[in-house]
Amino acid sequence: MTDGHATPGPDDFRPTPAEMPGQPPKKEPLLSRRDFIRRSVQLAVAGALIPGALSQLLPAVAPDALGGGGAGPIIRRDAATNAKIPITVADLAGAPPVVITAEWNFLPAVVYKVHKAKLQKSAEKRGYNTAQYAVQHPTEDDMAIMVYQGKCKHLGCTVGFNKGLGASKDEPDYDGDGLPDGRILCPCHQGQYDIHDLALNVPGTPPPAPLNVIRFNVGAYAGDATRALPAAADAIIGAELLVQDKPRQANADPNKAFALGSMAADLGAL
Ligand code: FES
């Protein structure tokens, strides 16, 4: 080492001739306090920068490596081939609530077919338009379609659904039909969300915030060969992610009355 500020070189810690057998041992040079501080700072900066650099690289390689995602149809995977298949209205056949766990933009998404009447009653009870991001089912007049991001706000598990639970803690049955409305339920630690209240996290359960909302449209999808996405009629096509870090953060409708969203108008042509 030449002075107290230079970085120690490989020779700095080699035995010197004075440390030969028979000679009294000589102390190895110690790092000065300033060297110690400088090395600590270098390590801390490297630790901060390397993960950031990786996160910059990953989005750039992910679309090709994973076969594409992002805004576009909400998809499921063929169990045998892992091929992407757009979710369509036909997948929502059956008595409500119909729940399809799917994928959008590399993250889980959940598509729901729900009663419009339950949304209407939830809007009246909650005092805002709980249906503003729901879309009219194209062939079933009394049904609406909704989509939430399926990643639990507690520790990130993919949420499920329990048809036997009431809608929320304070209201099991919005429309008063005598049946529980069902509740979004996370299997990992029993986190719960109210499907009819912009996925509000149910008080007393682990998630600290509501699920994010996925705005979407319903219509014909032309397909995208570069992303290996086939064409589909009446596809559920995600357009925008609305992050919710606090209750009803996505609420943007100044009209508090119940009204379904008019996605075709404000999300543009498909
Ligand atoms: S990850 Fe969902 S409740 Fe814990």
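**Exercise 1.** Which residues do ring pairs link into a cluster?

*Solution.* Let's start with the ground rules. This is a predicted model, where local features need pLDDT of at least 70, side-chain atom pairs count only at pLDDT 80 or more, and totals for chains, interfaces and linings use all residues. Residues are numbered from 1 along each chain as its sequence is written, and side-chain values use heavy atoms, with hydrogens and water left out.

Step 1: Rings of Phe, Tyr and Trp (its six-membered ring) pair if their centres lie within 6.5 Å; planes under 30 degrees apart count as stacked, over 60 as edge-to-face and the rest as tilted.

Step 2: The structure has 2 aromatic pairs. One of them joins Tyr112 and Phe161, with 6.0 Å centre to centre and 55° between the planes, and is tilted.

Step 3: Tyr112 sits in strand 5 (residues 107-115) and Phe161 in strand 8 (residues 160-162), so this pair ties together parts 49 residues apart in sequence. Strands (E, at least two residues) are DSSP runs, numbered from the N terminus.

Step 4: The cluster is made of Tyr112, Tyr148 and Phe161.

Terms used: Helix = DSSP H or I, 4+ residues; strand = E, 2+ residues; numbered from the N terminus.
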